[in-house]
Amino acid sequence: MAPTLPPTSSGLNPEQRAAVEHVEGPLLVLAGAGSGKTRVLTSRVSRLIQEHGVPPDRILAVTFTNKAAGEMRERIRAQLGRDPVGSWIGTFHSLGARFLRRHAELMGWDPAFTIFDAEESLREIKRALEREQLDPKRWKPKAVRSAISDAKNQLITPGAFAEQHGDGFDFFLRNVARIYPSYQASLRDQNAFDFDDLLVKPVELLTEHENVLARYRERFAFILVDEYQDTNHAQFRFVELLGRGHGNLMVVGDDDQSIYGWRGADISNILEFERSFPGAHVVRLERNYRSSANILSAANEVIRRNLNRKEKTLRTDREAGERLTLVQCADERDEAGWIVEEIETRLREGDADRYRNFAILYRTNAQSRALEDAFRRRGVPYQIVGGVRFYERREIQDVLAYLRLISNPRDSAALERVVNVPKRGVGRTSQERLVAWALDQGLSLLEAAKRADEVPDLHKGGVRGIQRFAELIQRFSARAASLSVGPLLEELVEELDFITHLLDEGPDGEDRAENVKELVAGAMDFDAQRVEVWEDGPPDHFTELDLFLQHVALITDVDRHDPDSDAVTLMTLHNAKGLEFPVVFIAGLEEGLFPLGRAYDDPAQLEEERRLFYVGITRAEAKLFLSWARERRRAGDFMFGSLSSFVQDVPEALLEERRTPRLERERRAMSRGPSGGDPEAFGSNLRRGGFGGGAGSAGSRSEARAGSGISDDELNQDLPHLVRGERVRHDSFGSGTVHEVTGFGRDVKVVVDFDTVGRKKLLARYARLEKDF
């Protein structure tokens with residue numbers, strides 16, 4: 001006898017129940033941070049199946065990360081007591097790939113297409129620049145790729161873009177108008193799509209083929225979309241096309257957590273949902289189950305300063321908990337050292353029991369360097385989410401290029417990458433002659449490689465190497481039809497003797513070899529049934545290898561986060577979305593860094609920066625630390641810091657203010673000095689930031705004395721003259737000798753040969769150098 005399952009609405013609060021029990025018509029669920037939105041989504045799917053008799057294959061559920069999609073499927077399985085067989089549950093990109101696998105031929109592609117990741121896409125942009133004879137040093141490939149991506153997400157085709165900008169006054173966009181059609185034609189020639197195509201091409205498919213649209217509108221009677229605030233125009237159009245007919249569209253999101261405007265997300269999709277889908281029912285989830293009351297109070301105070309939002313206030317039944325701690329640090333090294341020490345202290349004193357209870361969040365990837373140094377010095381385990389991605393490592397990309405070519409013989413980018421890896425006597429000149437001959441003959445590169453002996457002026461060693469390479473790819477393509485991807489990859493690595501090839505590279509070779517072994521292990525564990533279920537069987541010639549390559553291409557940074565690893569997590573605030581930790585540190589809270597300086601030029605961007613801070617605050621369950629540095633090295637120069645205006649929005653009653661031990665020592669030393677010192681120089685009121693003055697800017701000490709007509713330089717006997725050969729001292733670098741002084745006024749730069757850390761180039765107005773006695 002099957003076990004009795006609890007009702008799908010049991011244990012829900014009234015607002016959650018209202019969302020779950022909604023059946024037909026458009027529904028907008030405004031789900032605040034930590035309000036149980038995943039439970040609402042999964043309970044509604046289960047209720048539709050279990051209590052309304054909706055077949056699972058009539059349901060489409062879309063989210064943004066593989067992790068969230070996997071969690072959704074697991075929860076539905078647990079609630080139903082069986083798999084929701086036939087339902088489509090996945091990310092926009094994975095579902096887009098699923099649409100295209102089924103209908104690629106209608107678009108002019110083969111179902112076994114390749115998905116180009118960001119690095120492969122960038123290489124293809126560089127090739128397009130070369131074809132159009134444009135200098136990649138002047139026209140940056142990343143900027144070109146970004147412009148093309150923006151155009152695709154707005155559903156602007158290469159032809160439309162060329163018509164709009166081909167004769168325009170903006171030289172950059174005029175050149176993008178030349179590159180975009182060339183780039184897209186090259187993708188088509190190679191039977192490849194980039195990430196953006198996985199969103200754009202399904203929209204084209206549904207728009208241009210009414211029978212396909214009618215089929216999927218009929219099939220998917222209920223559509224659910226998670227993280228709706230992060231959708232761009234292409235994603236909105238995809239959802240609208242499928243959901244417009246019956247209107248049974250449920251979207252869940254939080255406009256206060258819309259933080260991806262820089263990559264095309266359009267917050268108006270959620271703000272204007274009721275206008276797009278008239279008659280929509282709206283449910284607000286405002287009860288938070290994650291954070292303490294003090295953390296939520298801080299979050300509410302910060303986000304209510306935004307104007308472009310739907311009103312909501314998070315509340316909790318949890319007790320107030322600890323106040324937030326605001327920590328002033330001397331510089332980024334002092335900040336990193338203090339954070340590591342605080343983690344060790346809390347573990348020692350029993351306030352936390354595992355390293356994995358802690359996360360450090362920051363605005364930019366560059367901030368991780370000082371933190372990593374501190375963790376390594378203290379031997380504290382840590383993991384970085386969003387660092388050098390496993391699948392972007394050179395040796396992994398090489399092996400995947402072999403697999404891509406075995407899967408898709410038209411993938412010329414893959415062939416060019418590995419035709420001489422490991423070395424087989426095929427130099428750059430031989431490759432160029434092969435490419436030129438293939439173009440002249442109208443052949444794919446792999447077809448040309450099989451006939452390398454016909455290529456003019458190709459030396460015998462090159463011919464032999466190219467033909468052996470082509471024969472190997474052909475042989476493994478045949479093996480892929482009958483062999484699982486794990487054994488296939490293992491055979492390939494052994495035949496290439498790839499591990500030995502990597503070990504021969506020197507000190508880094510061992511790590512690279514271990515990475516390839518890890519890739520093989522992952523392929524052995526790969527379960528194709530979890531990626532794709534074919535109702536009518538897969539397309540002809542479609543293999544498990546094709547699905548493995550799709551799976552690898554669509555893995556995101558967050559999917560690489562291991563919550564079970566007993567290590568402190570370091571990540572940017574963008575990568576932290578959707579995660580939660582008992583103790584959170586938000587580092588680098590200085591004006592110009594967070595919010596970024598350029599945000600002040602655009603009110604919409606400043607609101608997005610504030611939403612990002614709100615996301616960071618609401619990752620914390622029990623304790624939140626906020627840290628800022630009076631001085632930070634950025635882009636090679638030392639910059640004075642002032643406390644972020646975002647922190648000024650947090651009520652003083654919610655904050656405990658502290659200084660690092662180093663700052664306390666400096667403050668005491670100053671107060672014992674000959675003149676008694678100026679405690680304000682070390683920020684007696686930490687929330688004012690910087691040095692005394694309200695703005696905390698580099699010049700605030702001078703402004704404090706502006707009325708007297710006497711400058712700081714005249715009062716301070718310890719300031720050096722900054723002449724060649726003079727001995728000086730720096731807070732972080734210690735003692736050294738001035739080597740060179742250049743520039744004038746505020747732009748004076750000084751080169752110092754420090755005794756312990758070597759030569760450094762400093763901006764004098766920020767370096768705070770003193771005479772070394």
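Which residue forms a salt bridge with Arg 610, and how far apart are the closest N and O atoms? The partner is Asp 649, with the closest N and O atoms 3.8 Å apart. A salt bridge here is a side-chain nitrogen of Lys or Arg within 4 Å of a carboxyl oxygen of Asp or Glu. The pair links distant parts of the chain, 39 residues apart. Arg 610 sits in helix H27 (residues 603–617), and Asp 649 lies in the loop between helix H28 (645–648) and S17. Arg 610 counts as buried at 12% relative accessibility. Asp 649 is buried too, with a relative accessible area of 14%. Buried means under 20% relative accessible area, exposed over 50%, and partly exposed in between (1.4 Å probe, protein chains only).

The model is predicted: local features need pLDDT of at least 70, side-chain atom pairs count only at pLDDT 80 or more, and totals for chains, interfaces and linings use all residues. Residues are numbered from 1 along each chain as its sequence is written, and side-chain values use heavy atoms, with hydrogens and water left out.

The protein chain has 32 helices and 22 strands. These are DSSP runs (helices H or I, at least four residues; strands E, at least two), numbered from the N terminus. Of the 773 residues, 53% are buried. The accessible surface comes to about 34,100 Å², and carbon and sulfur atoms hold 48% of that area. Areas come from the Shrake-Rupley method with a 1.4 Å probe; for residues, only the protein chains shown count as cover. Among contacts (heavy atoms within 4.5 Å) between residues at least 6 apart in sequence, 73% join residues at least 24 apart.

An open sheet of 7 strands runs in the order S11-S12-S10-S13-S14-S9-S17, with parallel pairing. Strands count as paired if DSSP finds at least two bridges between them. The edge strands, S11 (382–385) and S17 (655–659), each pair on one side only. From one strand to the next, the twist averages 20 degrees. Strand S9 (residues 324–329) pairs with S17 in the parallel sense over 5 bridges. Gln 328 stands opposite Arg 659 in S17. Helix H15 (residues 332–348) lies across several strands, including S9, S10 (358–362), S13 (581–586) and S14 (620–629). Helix H15 runs at about 155 degrees to S14. Axes are lines fitted to C-alpha atoms, for helices over the stretch in contact, with angles from 0 to 180 degrees between N-to-C directions.

The largest nonpolar core has 54 residues. Such a core is a set of buried Ala, Val, Leu, Ile, Met, Phe, Trp, Tyr and Cys residues joined through side-chain atoms within 4.5 Å. Leu 400, Leu 403, Leu 489, Leu 492, Leu 519 and Phe 548 touch the most other members. Beyond its neighbours within four places in sequence, Leu 489 contacts Val 399, Leu 403, Leu 519, Val 520 and Ala 523. Another core, of 45 residues, lies apart, with Phe 92, Ile 115, Val 212 and Leu 271 among them.

The structure holds 63 salt bridges. One joins Asp 194 and Lys 152 (2.8 Å, N to O). Asp 194 is in strand S5 (residues 192–194) and Lys 152 in helix H6 (residues 141–153), 42 residues apart. Asp 194 is buried at 4% relative accessibility, and Lys 152 is buried at 1%. Glu 454 and Arg 451 form another, with the closest N and O atoms 3.1 Å apart. Glu 454 is partly exposed at 43%, and Arg 451 is partly exposed at 32%. Asp 254, Asp 255, Asp 256, Arg 309, Glu 311 and Lys 312 are linked in a salt-bridge network.
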